[in-house]
Amino acid sequence: MNRLLGAGDITTHQAAVFKQAVQGFLVQAVEYAIAKRPSGEPLLQHAKFVDSKQRSDCDAEEALYLCPKSTTH
């Protein structure tokens, strides 16, 4: 799109409309995925630790759930 915009093949308005449409599609796709996810899935319950904005709301159990279990022989 940047190449087309730079070449003058599309206008800035067309680029903005396209960007808005793509963003709307992605927002709807995420909303759909969240609505259809299995609510009892343990991995998803603990996955908020991965999001740096939500990490401070997590306890150690959520962080440890995502760590591989060590095996000793």
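Visitor: What am I looking at, and how are things counted?
Guide: This is a predicted model: local features need pLDDT of at least 70, side-chain atom pairs count only at pLDDT 80 or more, and totals for chains, interfaces and linings use all residues. Residues are numbered from 1 along each chain as its sequence is written, and side-chain values use heavy atoms, with hydrogens and water left out.

Visitor: What is the mean pLDDT of the chain?
Guide: The mean is 81, and 79% of the residues reach 70 or more. pLDDT is the predictor's confidence in each residue, from 0 to 100.

Visitor: How many helices and strands are there?
Guide: The chain has 4 helices and 0 strands. Both are DSSP runs: helices are H or I with at least four residues, strands are E with at least two.

Visitor: Where is confidence lowest?
Guide: In helix H3, residues 42-46, with a mean of 68. H1 is highest, at 94.

Visitor: New topic. Where is Met1 found?
Guide: In the segment before helix H1 (2-7).

Visitor: Why does Met1 count as partly exposed?
Guide: Because its relative accessibility is 42%. Buried means under 20%, exposed over 50%, and partly exposed lies in between (1.4 Å probe, protein chains only).

Visitor: What share of the chain is buried?
Guide: Buried residues make up 7% of the 73 residues.
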